[in-house]
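Here is a briefing on one protein model.

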Amino acid sequence: MNIWTFGLVVAGAASLGAGEPPARDAGSFAFTNVHVVHTDGRGVARDQAVHIENGRIEWVGPAADSELPGAIRTVDAGGAYLMPGLFDMHVHLIVPTDSTGYITHGVTSVFDLAGTPFIHETAQRIEAGDLVGPTVYETGPQLKTEALPVEESAIVTLTPEEGAEAVRASKRMGYGFIKVWGPISPEVFDAVMRTAREEGVRVTGHIPRTVGLEGAIDGGMDSFGHVEELLNKHFRRSVDEDALEPAARMIAEADISVITTLVTYPNIASVLEPDMDGLMQRPGMELVDPVRRILWSPDHNDYRKRGMGAPERHRDWGRDKQRIAASLHRAGVRLLAGSDAGGFELTLLPGESLHDELALLVESGLTPQEALHAATGAPASYLGVRAGSIDIGMRADIVLLDANPLEDIENVRRVRGVMLRGEWFDSEALDRLHDETVALHARTGAFVQAAMSGGAAGAMEQYERAKRDDPDQPVFERTSAALAAYVLAMGGRGEDAFGVLEIVAREHPGWYLPRFLQGGLLAMGGELDGARASLEATLEIMPGNYHARVLLERLP
């Protein structure tokens, strides 16, 4: 993320590791006249009824045998298809409004592979019912060899001692997962894995080039975060057919799961095309916050700036990833469908990109049922949660579809309604959620545009105007507004960035992030007294902020 990426520093939610969030008291509910889609190979059970009680599935069976209490809320599905809610097993939930894209596409659980304090806050808001969104599972900060002082989503691990302490620190923060990222040394990797075993922390992420596939397996990694980890680290971007099956068998025998993310390379290819207009104007972009629309645009996109080569080369690598995924599947490796949506460079739409991922899995040779299992039952099993199927006792995360997805994977896009932990959102409710998010992005966009064109002064003018015109509406979504400061800082406009953060802090005085980022800006600019004051203010708001404390301790 260049200047700022953020990492979780607060513990306390079940979703930090792989626990089960508390069931919500959503009352009694029933679906009748519905066909139940099983993604584990049982096929479709026709003419069923499904009873929900307080966020859990209480009964499933033939509609003729259903006995409904008089007060129960009932939806006659009219012969539609009911399937388990989807998991996206690789996301970056940077902005809370991404939740809308996930829910409207039937994605009811996500696994964030770079947890941050505001992601944790988002997870807490969702759990409390203050925000409509998927259940969020998270890894801890990524273990890397280099990072900027304000890069909260990373812990620098250059020595075995630092690696071991990074694992212990992640455990103290409440994490059940950590993510290995980048070329950490074999000695550091060994210390990380040994300490993770001692602490009971599971390890996912990238395969370090320094240890390779065999070293990652021997070390005890729990899963790999991308299929391209095999393409890049084991096959060195040249897939040997004779080597595919032995590698897949080795992973299967080690019981290592692989998150697929097949959509990434085709998306990179689209980003590198000379004309990005179609990509930037496609349906669904209205659900992307205005700052990431700037960061994804041709003038700002980091992949284009880095000159990553011809688009067709990435499409070829994407096809290689599909061959690898097919080989893993044939060998019996547990595939976990994930998209890598939500970041700053890939233009992957939350929710929509998981549907694209499922289509690519089917194109790779999986049946629709097998692809759907990779986004339902397999992730639930990996995380150890009672979800991912329509069976008694399971969390009531359910998607109602107009057509059978086992016949055509494209039918997964035909969402009629979504049940989220027992709360029902019909098509009208989903449309309202969409429209509310678009309206919030419009207000945020006006603030961001004022900041981009007029700096901190322009942002303040827009802020005060919006407060006068409609004091009951939020002027901006706070994370997106803070990211506007990120864009300004990237462009060398540090004073304007500082001023925008001051406006965000004024609107949200109890939020740690503006003060932490101001502290980082001042520290990198050598203004140590101001940095110290901002970091101390951060710790007053969030006493457990690991990175603020470490940065403060390291100031001269």
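Is Ser223 buried or exposed, going by its relative accessibility? Ser223 is buried, because its relative accessibility is 0% and buried means under 20%. The model is a predicted one. The points below start with Ser223 and then move to other parts of the structure.

**Ser223**
- Ser223 sits in strand β12, which spans residues 223-224.
- Its side chain makes a polar contact of 2.6 Å with the side chain of Thr204.
- Leaving out residues up to four places away in sequence, Ser223 touches Val203, Thr204, Gly205, Ile256, Ser257 and Tyr382.
- Between Ser223 and Gly115 there are 108 residues in sequence and 17 Å in space, C-alpha to C-alpha.

**Gln48**
- Gln48 belongs to strand β2, residues 43-53.
- Gln48 counts as buried because its relative accessible area is 10%, under the 20% limit.
- A polar atom of the Gln48 side chain lies 3.0 Å from the backbone oxygen of Arg46.
- Not counting residues up to four places away in sequence, Gln48 touches Phe31, Thr32, Asn33, Val34 and Val36 on one stretch of numbering, and Val60, Gly61, Pro62 and Ala63 on another.

**Nonpolar cores**
- In soluble globular proteins, nonpolar side chains tend to be buried together.
- The largest nonpolar core here has 143 residues.
- Phe224, Ile251, Leu328 and Leu358 have the most contacts inside that core.
- Leu358 touches Leu86, Ala337, Ala371, Leu372, Ala375, Ile409 and Val412, with residues up to four places away in sequence left out.
- Another core, of 18 residues, lies apart from the largest one; Phe31, Ile52, Val75 and Met394 are among its members.
- Phe31 is also one of the residues that Gln48 touches.

**Second largest cavity**
- The structure has five cavities of 30 Å³ or more.
- The second largest cavity holds about 40 Å³ of space.
- Its lining consists of Leu230, Phe235, Leu244, Ala247, Ala248, Ile251, Ile324, Ser327 and Leu328.
- Helices α7 (241-253) and α12 (311-331) are the elements that give two or more residues to this lining.
- The largest share, four residues, comes from α7.
- By class, the lining has eight nonpolar residues, one polar and no charged.

**Second largest pocket**
- The volume of the second largest pocket is about 380 Å³.
- This pocket is lined by 18 residues, of which Thr97, Arg125, Leu131, Leu440 and Glu477 are the closest to its centre.
- Two or more lining residues come from each of α1 (98-104) and α16 (427-469).
- With four residues, α16 gives the largest share of the lining.
- The lining divides into seven nonpolar, six polar and five charged residues.

**Helix α21**
- Helix α21 covers residues 546-554.
- Its buried residues are Tyr546, His547, Ala548, Val550, Leu551 and Leu552.
- The cover over these buried residues includes β9 (154-156), α3 (160-173), α19 (513-524) and α20 (528-541).
- Asn545 caps the N-terminal end of α21, with a side-chain oxygen 3.2 Å from the backbone nitrogen of His547.

Methods: Residues are numbered from 1 along each chain as its sequence is written. This is a predicted model: local features need pLDDT of at least 70, side-chain atom pairs count only at pLDDT 80 or more; totals for chains, interfaces and linings use all residues. Side-chain values use heavy atoms; hydrogens and water are left out. On a 1 Å grid over the protein atoms alone, a cavity is a set of points where a 1.4 Å probe fits but cannot get out, and a pocket is an open set with protein on both sides within 12 Å along at least five of seven lines; lining residues have an atom within 4 Å of a point. Grid points are joined across faces, edges and corners, and a volume is the space filled by probe spheres set on the points. Ala, Val, Leu, Ile, Met, Phe, Trp, Tyr, Cys and Pro count as nonpolar, Asp, Glu, Lys and Arg as charged, and the others, Gly among them, as polar. Buried means under 20% relative accessible area, exposed over 50%, partly exposed in between (1.4 Å probe, protein chains only). Contact means heavy atoms within 4.5 Å. A polar contact is a pair of N or O atoms within 3.5 Å; within protein, one must be able to donate a hydrogen and the other to accept it, and residues adjacent in sequence count only if both atoms are side-chain atoms. A nonpolar core is a set of buried Ala, Val, Leu, Ile, Met, Phe, Trp, Tyr and Cys residues joined through side-chain atoms within 4.5 Å.
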